[in-house]
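Me: I would like to learn how to read the packing in a model such as this one. Could we go through it feature by feature?

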Amino acid sequence: MKSKNIPADIKSKSIKEAQNEIKEIITNLENKETNLEESIGKYNRMMQLNIHIQEEFKKRAKEIKNTNLKK
């Protein structure tokens, strides 16, 4: 999944907000009463959130590296 496919509402989340939503999705997926279609949609959203978190970490790591190189 490419970052360009990530919805704007996910891209606007902080890392903490994305992590909290992932926790909610996992709790929901563990519920045996959730139907398959809903579970697939939630799983896909969780994957998008995960990609967003990875991209944010990469961006922050690059910022830290650039800051350290300037010193």
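Me: Which residues make up the largest nonpolar core?

Reply: In soluble globular proteins, nonpolar side chains tend to be buried together. A nonpolar core here is a set of buried Ala, Val, Leu, Ile, Met, Phe, Trp, Tyr and Cys residues joined through side-chain atoms within 4.5 Å, where buried means under 20% relative accessible area, exposed over 50% and partly exposed in between, with a 1.4 Å probe and protein chains only. The largest one has 10 residues, namely Ile6, Ile10, Ile15, Ala18, Ile22, Ile25, Met46, Leu49, Ile51 and Ile53. The elements giving two or more residues to this core are α2 (15-30) and α3 (36-70), helices being DSSP runs of H or I, at least four residues, numbered from the N terminus. This is a predicted model, in which local features need pLDDT of at least 70 and side-chain atom pairs count only at pLDDT 80 or more, while totals for chains, interfaces and linings use all residues. Residues are numbered from 1 along each chain as its sequence is written, and side-chain values use heavy atoms, with hydrogens and water left out.

Me: How are α2 and α3 placed relative to each other?

Reply: Two packed helices are described by the angle between their axes and the distance between the axes. The axes of α2 and α3, lines fitted to C-alpha atoms over the stretch in contact, with angles from 0 to 180 degrees between N-to-C directions, come within 9 Å and cross at roughly 155°. That makes α2 roughly antiparallel to α3, a term for angles over 145 degrees.

Key:
Angles under 35 degrees count as roughly parallel, over 145 as roughly antiparallel, 65 to 115 as roughly perpendicular and the rest as oblique.
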